[in-house]
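Please open the model in your viewer and keep the selection tool at hand. The stops below say what to select next and what is to be found there.

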Amino acid sequence: MMSSPRPESVISSSAAFSPIIPDDDDDDEDPIIRSIDVFISPELSRTLHLLQFPIQPVITSASSSSNKNNSSKAITPIEAKLRPKHNMLELEYPIPNSALGGHSHQQADNIHLTQRTFTSNAIAPVTHMALAKLDKAGERLDIIPLQKDVLQMRPSFKHLHNHEEEDDTQTNVEKAGDSNTTTSGKQKPILFQKKESDRSASARRNSYAHKKASEESEEWIELDVHGSEGKWSSVRKDELRKIVCANREQTIQLAKSKFTDGDGGHYVRSLNYMESISSAFADPADMMVMGEPTSETTTTAGEDVDETAVAELASKLVVLLQEGLGKMIPFSVLRSNFHSEKVSDEMLIMALSSCAVLVRGNFALKSSLAQFLKKDVMKEMRDLMMLLLNMHGSIQRERLVRAFETKASTDDDYAVINADIITFVLETMAKLLNGCWVSKVPDDVVFAAKFPKFAACHGVYWMRKKEMLKELVELYEL
């Protein structure tokens, strides 16, 4: 375990790793009242999940209104089970009589419940997240960085589906019995099944039924529940001890930037969900295009660049570029969304370079930020499409399908990509014209003429991307 150096000023949620530098111009209306030691305890990071309840369990509201002093007892689950491979968690909560409002006798048999099941939906964290514990004296803060997915717990209605499935099963059994009676003594035809094609196999693997079967094939692991009721168990005490950092002597150095004059504030600003934005300021002499440095110097603004303002601007640009499933947008259109006195051209282009790429003079959202693409191979496919458009100005869909079919024959990860998915992604950026797919937005030669250094940096990026996608490019051009 590691500790961070004790700051010389007050610690807040945004300054825990960034001590506040005193300003001589500030008055003493807000004096420092306490200094808190901050320690990093990563031992539980790989096993700890954060549970969220977007829909508040009725037991929580019932317990808080009926017994405020003992609400923690009611919200402790009585059972818990986990499927670690699929990040699935189920919690069973008891339903107190007070939550039923005295109308339990009016419920139908299939919904007469004494406990309620909550199932999880795994959400990958999009920023730095941590859980922390402040000691009773308020002088020590132990922080556990979270690496596992956040589990959002929602009520399950499987008890209703189970009732319907029982009725369907009984009906099918009766029909099967009648069918056997009718066809007894008759010859049964021999059926021949066509061999499954790669496309149908890929569709089957991406179907809901296949996903559900995969989940059901994993056995549930029963978990021990150690709640806050009564005395704490020895297991709970042992786990809580791991929260406290054992090695207080080791000091860690957090990320810094030349723009922060060594105050450590760069780490706090790096908490933005777009990693490339924070890394773009690692060296002001280098231009960061899509998180990859180039040797080209792109701005003469130097220390005048407001790092925080660029990061905030980039987050707004991501929202704009997400519209239309990441379609390409001319710089002039993006420019019109921001006042020139508040956002300069250099600032806008720097923000764009951290979240978008230049394709034939127009900007397209970085594939890694495309929320409509769930798998890495699909994002790689989108990068290949933009690369081909940038190189040739058009794409032949049949050659693209053939390239990914060939790739899937040697790498199963690419089996999820079929002709329909390729067409779907193509339609987000291109249109069919004379048998080829061309960009929906006309080429913009004005941008490269007006900002040659920025255009050159994006050109270097595409050269590197071509090298990364060399195998797929060769398969396409066969």
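Begin by selecting N434, which lies in the loop between β17 (430–433) and β18 (436–439); helices (H or I, at least four residues) and strands (E, at least two) are DSSP runs, numbered from the N terminus. This is a predicted model, in which local features need pLDDT of at least 70 and side-chain atom pairs count only at pLDDT 80 or more, while totals for chains, interfaces and linings use all residues. Residues are numbered from 1 along each chain as its sequence is written, and side-chain values use heavy atoms, with hydrogens and water left out.

Although N434 is not a glycine, its phi is positive, at about 55°. Most residues other than glycine have a negative phi. N434 has a relative accessibility of 75% and counts as exposed, where exposed means over 50% relative accessible area, buried under 20% and partly exposed in between (1.4 Å probe, protein chains only).

Next select R360, another residue other than glycine with a positive phi, here near 55°. R360 sits in the loop between β14 (356–359) and β15 (362–365), and with a relative accessible area of 29% it is partly exposed.

Now turn to the open sheet of six strands, whose order is β3-β9-β6-β5-β4-β10, with mixed pairing; two strands pair if DSSP finds at least two bridges between them. At the edges are β3 (51–52) and β10 (221–223), each of which pairs on one side only. Within the sheet, select β6 (residues 115–123) together with β9 (residues 150–155), which run antiparallel and are joined by six bridges. S120 can be picked out here, standing opposite M153 in β9.

Which residues of α10 meet α12? Select A309, V310, L313, A314, L317, V318 and L321 in α10, which meet M347, L348, M350, A351, L352, S354 and C355 in α12, contact meaning heavy atoms within 4.5 Å. The residues of this contact divide into 13 nonpolar, one polar and no charged; Ala, Val, Leu, Ile, Met, Phe, Trp, Tyr, Cys and Pro count as nonpolar, Asp, Glu, Lys and Arg as charged, and the others, Gly among them, as polar. Helix α10 (residues 307–326) packs against α12 at an angle of about 60°, with the axes 8 Å apart; axes are lines fitted to C-alpha atoms, for helices over the stretch in contact, and angles run from 0 to 180 degrees between N-to-C directions.

For the last stops, display the aromatic side chains, among which there are twelve aromatic pairs. Rings of Phe, Tyr and Trp (its six-membered ring) pair if their centres lie within 6.5 Å, and planes under 30 degrees apart count as stacked, over 60 as edge-to-face and the rest as tilted. F404 and Y414 form a tilted pair, 6.3 Å centre to centre with 35° between the planes. F404 belongs to helix α14 (residues 397–408), whereas Y414 is in the loop between α14 and α15 (419–429), ten residues apart. Both F404 and Y414 are buried.

Y461 and W462, by contrast, form an edge-to-face pair, 5.0 Å centre to centre with 65° between the planes. Y461 is buried at a relative accessible area of 3%, and W462 is buried at 5%. Finish by selecting F331, F363, F447, F451 and F454, which form one aromatic cluster.
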